[in-house]
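Student: Could you take me through this model and show how its features are read?

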Amino acid sequence: MNIDGVKTGIVLDHIKAGKSMQIYELLGLDKINNCVAIIQNADSGKYGKKDIIKIDQIIDLDFDVLGYVDSNITVNIVKDGKLERKHHMELPQTLKNVVKCKNPRCITSVEQEIVHTFKLVDRENKVYRCIYCDAEHKVK
């Protein structure tokens, strides 16, 4: 299968196989008016299989969302057919409105306008804690 390169836009590469649709939804890519290509289970020498998302436009991306979903993602910014910048993701220190606290006693369950905020407490095991109730959330 052949998918053309991006002339001007963004290529999200090295996405863990099967995670591209989650990223598509979290970034709201269904709301942009340009072409978005999702390639799933592409062969990768480094990871075996990977997903790729190509966006035919340069848009603002939430790097915290990308780092949370998969800290191995590479964000390539392409202009006029040439790689302009490359960003490597990592687990964000703080997550805001990316995941919701599952504790029914947490204030975020009662007060709908409160921002769901989690702090990274264990980078190695990918563990976050709610800043309001200290409930644990592990990255899957």
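Tutor: We will look at a sheet, an aromatic pair and a single residue in turn.

Tutor: This is a predicted model, in which local features need pLDDT of at least 70 and side-chain atom pairs count only at pLDDT 80 or more, while totals for chains, interfaces and linings use all residues. Residues are numbered from 1 along each chain as its sequence is written, and side-chain values use heavy atoms, with hydrogens and water left out.

Student: In what order do the strands of the open sheet lie?

Tutor: Strands of a sheet pair through backbone hydrogen bonds, either parallel or antiparallel. Here the order is β6-β7-β8-β9, with antiparallel pairing, strands being DSSP runs of E of at least two residues, and helices runs of H or I of at least four, numbered from the N terminus; two strands pair if DSSP finds at least two bridges between them. The edge strands, β6 (94–96) and β9 (136–138), each pair on one side only. Between β7 (residues 117–122) and β8 there are 4 bridges, and D122 has V127 of β8 as its bridge partner.

Student: Why is the pair of Y68 and Y128 edge-to-face?

Tutor: Rings of Phe, Tyr and Trp (its six-membered ring) pair if their centres lie within 6.5 Å, and planes under 30 degrees apart count as stacked, over 60 as edge-to-face and the rest as tilted. The count comes to 1 aromatic pair: the ring centres of Y68 and Y128 are 6.3 Å apart and the planes stand at 70°, so the pair is edge-to-face. Y68 belongs to helix α2 (residues 63–69) and Y128 to strand β8 (residues 127–130), 60 residues apart.

Student: Is D13 buried or exposed?

Tutor: Buried means under 20% relative accessible area, exposed over 50%, and partly exposed in between (1.4 Å probe, protein chains only). D13, in strand β1 (residues 9–16), has 14% relative accessibility and therefore counts as buried.
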